[in-house]
Amino acid sequence: MNSTPKKSSSLLKTDCIGKCHRLKGYCRGCGRTSDEIFDWIILSDQEKQTILDTPREDVNNP
């Protein structure tokens with residue numbers, strides 16, 4: 001029997017829609033900041049949920 005520990009994966013998926021272009025510090029696709037995008041993989045589920053629950057300004061309409 002192999003007792004290799006499994007890496008836990010988050011149930012929360014990124015809100016990325018594949019239209020990445022940063023404008024005024026926010027991605028025009030998902031509305032997240034650069035820090036939120038880069039740190040996503042190391043954030044806890046609670047931190048990710050907080051980001052997903054945060055209202056975003058529509059950066060596509062100046």
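## Contacts of Trp40

Trp40 touches Leu12, Lys13, Thr14, Arg32, Lys48, Ile51 and Leu52, leaving aside residues up to four places away in sequence. Here a contact means heavy atoms within 4.5 Å. The model is predicted, so local features need pLDDT of at least 70 and side-chain atom pairs count only at pLDDT 80 or more, while totals for chains, interfaces and linings use all residues. Residues are numbered from 1 along each chain as its sequence is written, and side-chain values use heavy atoms, with hydrogens and water left out.

Trp40 lies in the loop between helix 1 (34-39) and helix 2 (45-53). With a relative accessibility of 9%, Trp40 counts as buried; the term buried means under 20% relative accessible area, exposed means over 50%, and partly exposed is in between (1.4 Å probe, protein chains only). Lys13, one of the residues that Trp40 touches, is 27 residues apart from Trp40 along the chain, and their C-alpha atoms are separated by 9.5 Å.

## A charge over the ring

Arg32 is also among the contacts of Trp40. The charged end of Arg32 sits over the Trp40 ring, 5.0 Å from the ring centre. For this description, NZ of Lys or CZ of Arg must be within 6 Å of the ring centre and within 35 degrees of the ring normal.

## Cysteines

A disulfide is a covalent bond between the sulfur atoms of two cysteines. In the model, a disulfide is counted when a pair of cysteine sulfur atoms is within 2.5 Å, and the count comes to 0. Cys16 is in no disulfide: its nearest cysteine sulfur belongs to Cys20 and is 4.1 Å away. Cys16 is partly exposed, at 36% relative accessibility.

Cys27 is in no disulfide either, and the nearest cysteine sulfur, that of Cys30, is 4.0 Å away. Cys27 is buried, with a relative accessible area of 2%.

## The chain as a whole

The chain has 2 helices and 2 strands, in the order β-β-α-α from the N terminus. Helices (H or I, at least four residues) and strands (E, at least two) are DSSP runs, numbered from the N terminus.

Of the 62 residues in the chain, 16% are buried. Among contacts between residues at least 6 apart in sequence, 41% join residues at least 24 apart. The chain exposes about 5200 Å², of which carbon and sulfur atoms supply 54%. Accessible areas come from the Shrake-Rupley method with a 1.4 Å probe; for residues, only the protein chains shown count as cover.
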